[in-house]
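Colleague: Please pick out the aromatic packing in this model and take me through it closely. Then follow it into its surroundings.

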Amino acid sequence: MRRMFSYLNKNIELICMMFFCGILCVSVFLQIVTRVMVASFSWTEEMARFSFVWFSFFCISYCIRERGHIAFDLLITHVGEKYKHIFHLLIQLVMIVAFIYLFYITVRFIPFGHAKRAPAMDVSMTVLNVSAPIGMGLCCVRSLQGFVSEVRKKRGEK
């Protein structure tokens, strides 16, 4: 059980990104094929849009985990070796605060999707609106993990 949670912790974004990217590719491919053959399906465009939004939020979290954010490269390379640790911690703290705020805002946005329905697929827009808090929550968790990792790294140096 512990191995499974460890695997999910390391790969949850990759698994979800591959899933939503696969849905995106299949729905766009279906749209192209059916448009050429006969009449196109009306739901494939919406499916592609929904999967792209979900895919994007998981990509943000993945980039944070891999430290692929531009702030790391841009700021850290111009700072001396002595201050790199401080900047890493500062960047992580700013990201944590920003993602907590964004999580709060996106959670408040969810109820607005209950009354609206996607026209082609006839599903509640909540399916789309829930992607933002899930993505921001994952980003917050990954930022917290980065902060704790940075603190532990500094303690290990002393």
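Modeller: Rings of Phe, Tyr and Trp (its six-membered ring) pair if their centres lie within 6.5 Å; planes under 30 degrees apart count as stacked, over 60 as edge-to-face and the rest as tilted. F19, F20, W54 and F58 form one aromatic cluster. This is a predicted model: local features need pLDDT of at least 70, side-chain atom pairs count only at pLDDT 80 or more, and totals for chains, interfaces and linings use all residues. Residues are numbered from 1 along each chain as its sequence is written, and side-chain values use heavy atoms, with hydrogens and water left out.

The ring rule gives 6 aromatic pairs. One of them is F20 with W54, stacked at 5.4 Å centre to centre and 20 degrees between the planes. This pair links distant parts of the chain: F20 sits in helix α1 (residues 2-37), W54 in helix α2, 34 residues apart. Helices are DSSP runs (H or I, at least four residues), numbered from the N terminus, while strands are E runs of at least two. F20 counts as buried at 14% relative accessibility. W54 is buried too, at 13%. The cut-offs are under 20% relative accessible area for buried, over 50% for exposed, and partly exposed in between (1.4 Å probe, protein chains only).

F41 and W43 are also stacked, because their ring centres are 5.7 Å apart and their planes lie at 25 degrees. Both are partly exposed: F41 at 38%, W43 at 31%.

Now α2 itself. Its buried residues include F50, W54, F55, F57 and F58. The helix covers residues 43-65, and its end C-alpha atoms are 33 Å apart, which agrees with the 33 Å that its 23 residues should span. The expected span is 1.5 Å times one less than the number of residues. After α2 comes R67, with a positive phi near 55 degrees.

F57 and I64 belong to the largest nonpolar core, 10 residues in all, with F99, M136, C139 and C140 among the others. α2, α4 and α6 each supply at least two of its residues. α6 gives the most, with 4. W54 and F20 lie in another core, of 8 residues, apart from that one, with M17 and L138 also among its members. A nonpolar core is a set of buried Ala, Val, Leu, Ile, Met, Phe, Trp, Tyr and Cys residues joined through side-chain atoms within 4.5 Å.

F99 touches I64, M136, C139, C140 and S143, leaving out residues up to four places away in sequence. Contact means heavy atoms within 4.5 Å.
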